[in-house]
Amino acid sequence: MPTPGQTGEVTPPFDLARIGDGLAFAAALDDLVAALDRDTAAVVSAPPGTGKTTLVPPLLASRSSGRVIVTQPRRVAARAAARRLAQLDGSPLGSRVGFTVRGERSVTPTTRIEFVTAGVLLRRMLDDPGLEGVDAVVVDEVHERALETDLLIGMLGEARQLRDDLVFIAMSATIDADRIAAVIGADDAPAPVVLHNVAAHPLTERWAPPAGPRLDERGVTRDFLDHVARTAASAARELARDLPAADVLVFAPGAREVSEIARAIRRSAPEFDVRELHGQIPAADQDAVIRGRAENEPPRIVVTTSLAESSLTVPGVRVVVDSCLSRHPQRDAARGMSGLVTTGSPRLSSVQRAGRATRQGPGTVIRCVDERTYAAAPARPAPEIGTADLTDATLLLACWGAPGGTGLRMIDPPPAAALGEAQAVLRDLGAIDAEGRATPEGRELARIPADPRLARALRDGSPLVGARLAAEVVALLVGGIRIGDADAVSALVALRHGRHPEARRWEREVERFQRYAASAGGGRHADTNGVGLVIALAFPERVARRVERSSDGATFLLASGTRAGAPGALAGAEWLAVAEVARAAGRVAAGSGAVIRSAAALSEEQVERAARQLMTDRVEAEFVDGRVVARRERRVGAIVRSSVPVRVTAQEGHDAVRRAVLADGLGLFSWSDAADDLRRRLALLHRELGDPWPDVSDAALLERLDAWLDPELDALATGVRADRLDLASALRRILPWPAASEFDALVPEKIEVPSGSRVRIAYPAADDPAARPVVAVKLQECFGWAETPRLVGGRVPVVFHLLSPAGRPLAVTGDLASFWSGPYAQVRAEMRGRYPKHPWPEDPWQAAPTRHTTRRAARD
């Protein structure tokens with residue numbers, strides 16, 4: 001069989017029988033072959049540990065001559081899967097089976113199966129959309145709904161429109177198979193689904209809830225971590241008595257918690273071999289855990305993250321201790337922050353974790369919560385595309401030619417709000433144009449395997465601080481390296497001197513990023529003064545200034561407007577470049593609701609260099625307590641660098657008053673009776689007739705502020721009090737001409753009643769669309785009115801509040817004719833004895849008011 005890059009050379013086929021010996025998924029290979037005979041796409045779903053990741057790639061390689069690429073969401077899983085398959089194949093790693101992850105590559109031109117992370121394949125496709133030389137792609141662990149995996153599914157779907165021979169397998173332990181099949185299949189038919197279920201060994205569920213809370217404002221509590229450690233140690237001792245060849249697997253939310261739990265177990269249970277398993281430990285240590293232990297070695301307690309839920313299989317496990325906590329990316333749009341947050345695990349994750357105990361026989365899961373808490377957890381994990389920062393993803397989509405994912409068949413589209421924020425960041429970087437398409441600069445940034453903001457900092461920071469230091473800072477931030485006390489400089493120094501546990505991995509990353517920045521020059525820099533500058537170039541909106549200091553640290557104001565607390569190590573700096581800020585509470589947040597997780601000090605000169613686009617120098621005028629106050633302010637975003645009082649120009653005063661009116665609304669003014677009456681009459685005309693009569697609601701008047709109130713704004717700016725303004729004259733500026741000549745006829749200020757009096761009409765408020773005009777008048781003055789008078793050209797009847805001769809309420813009616821023929825008789829019977837000197841005719845619609853009544857009721 002010819003292999004890629006070696007024309008004419010033939011390599012033996014993979015021995016599927018030997019590779020699949022003892023693997024449950026071997027029984028499903030015939031079903032997968034049948035599915036691929038019908039279609040070039042398929043969905044494979046099988047439980048963790050059944051061997052699908054080991055068997056599907058060599059099956060695909062046996063059906064083609066090109067390379068098979070298998071994606072994993074994590075680097076450690078890609079390396080482990082490649083090593084495992086190479087071992088079963090009996091070939092050296094990197095020959096027939098290899099892997100490529102960030103910073104590490106083990107492949108040759110003859111490699112048939114290559115395991116990669118999803119991010120590696122995404123960037124490879126930007127340069128090679130058709131995947132030349134690749135015959136099949138397997139996207140594994142789809143159920144995790146990692147952001148890069150979701151992007152790959154959309155982009156591979158479009159690539160297959162160009163290459164109908166490209167085989168595409170979506171694979172997972174637990175998956176909404178029909179939904180995925182509809183996404184990756186043809187327009188008229190979903191892809192075939194291969195489901196492989198394995199009879200599970202019995203699982204015993206036990207509950208070990210802690211006495212106190214699992215989480216507080218700082219994250220996972222120390223007491224809870226100690227509780228998990230005690231639970232694991234107790235379970236391990238019990239298991240060692242009953243089944244000495246078996247091990248315990250402990251799930252924690254993150255690498256920090258893994259280390260703390262492992263440390264506590266080592267102190268309390270030194271008889272066990274306690275191992276850590278997460279993405280930040282050396283590859284050799286990871287391999288040692290995955291290989292399992294020899295018979296003569298002590299029992300193991302393996303403490304891991306969600307990495308071992310489905311991506312990796314740890315052999316020999318018969319007891320799982322589950323913290324029931326998970327860590328996932330979360331975007332905080334209100335504060336402009338994004339980062340990892342710790343929450344209760346979804347039940348689907350907990351089920352997968354428990355399944356690790358029953359892979360080789362009956363097992364037990366001990367959940368460190370009570371049953372009610374477990375039942376209240378969400379059923380499934382939220383897709384990362386709905387919660388994560390989308391800046392990098394948005395740039396990749398733009399470079400692919402699908403801005404915002406337009407035209408791609410994706411499981412879920414990017415949320416509009418998060419997509420808009422990401423596009424705004426990329427436009428500020430010059431990475432995309434107004435239509436969201438990638439610019440040449442954007443394509444250059446996308447080739448650097450880092451967030452576009454860090455890529456820009458690497459490129460722009462190298463000429464300023466040297467390529468080495470810029471690469472060091474970017475490698476520190478992109479690698480998820482733990483930064484103690486949020487001090488990035490101290491972490492960098494520890495890494496340089498090999499005192500940090502991740503120094504070797506960081507050094508490899510530095511060398512890789514330095515190659516991208518090599519053209520900028522600059523050698524090894526011992527000086528760390530440029531660390532803050534590189535961070536600020538990446539995140540200028542997170543430049544921060546200290547606004548308050550306390551015994552626990554300090555509070556800083558970020559240029560974005562967010563306030564955040566900082567620990568004591570950073571509290572002495574006046575300016576900081578913040579790399580990471582997250583939600584938090586408690587003393588460390590100092591009441592701000594956020595805490596700085598990673599930062600470095602900045603000089604004011606560096607602030608001016610890195611955040612130049614956020615700097616302003618202008619006069620800010622405000623309308624306060626009826627007068628204009630102005631100050632000249634120099635700002636970096638929301639941060640005020642300096643502020644001094646100045647005299648305002650007429651235009652600055654006008655603009656300040658205008659801003660105050662728009663912010664505070666029309667309640668800033670005192671409306672006279674005349675102005676209020678005029679506004680009410682105009683509101684009724686607009687309600688009944690529409691154009692050309694203007695809308696005089698608050699929103700409409702504020703929108704047309706300059707059209708009717710401009711001279712008054714000038715008057716306020718020069719010191720005239722708001723209660724002295726003639727708003728009636730201002731409103732008359734928006735009367736429509738020539739229609740305004742009919743204004744008084746359509747909505748008269750007063751109405752003449754049969755007695756000859758002219759009675760003022762009370763028009764409804766401008767914001768009351770259902771109310772009608774009201775006339776309050778003594779009943780005797782209405783004798784002779786058979787029908788209710790109407791306003792606005794006969795469209796709107798008047799509501800009468802009829803009063804007694806003493807001015808007390810008698811009745812309310814909007815229909816005089818009905819009143820005269822009905823309720824009036826009862827009113828007459830009750831009132832004629834009380835007011836015998838006043839007329840109470842039986843037919844009031846025909847009677848006329850007497851001179852005596854007219855004189856008593858006449859008013860203007």
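In this predicted model, strands S22 (residues 553-558) and S23 (residues 563-566) run antiparallel and share 4 bridges; strands here are DSSP E runs of at least two residues, numbered from the N terminus, and two of them pair if DSSP finds at least two bridges between them. Ala-554 sits across from Ala-566 in S23. The hairpin leaves 4 residues between the strands, and Gly-561 there adopts a positive phi near 105°.

Numbering starts from 1 along each chain as its sequence is written. Local features need pLDDT of at least 70 and side-chain atom pairs count only at pLDDT 80 or more, while totals for chains, interfaces and linings use all residues, and side-chain values use heavy atoms, with hydrogens and water left out.

Turning to helix H15 (a DSSP run of H or I, at least four residues), residues 416-429 give it 14 residues and a reach of 20 Å from first C-alpha to last, close to the 20 Å expected at 1.5 Å a residue, that is, 1.5 Å times one less than the number of residues. Its buried residues (under 20% relative accessible area, 1.4 Å probe, protein chains only) are Ala-418, Leu-419, Ala-422, Gln-423, Leu-426 and Leu-429. These cover an arc of only 135° around the axis, so they fall on the same side of H15; the arc is taken over directions from the helix axis to the C-beta atoms. On the face turned away from that buried side are Ala-416 and Asp-428, both exposed (over 50% relative accessible area).
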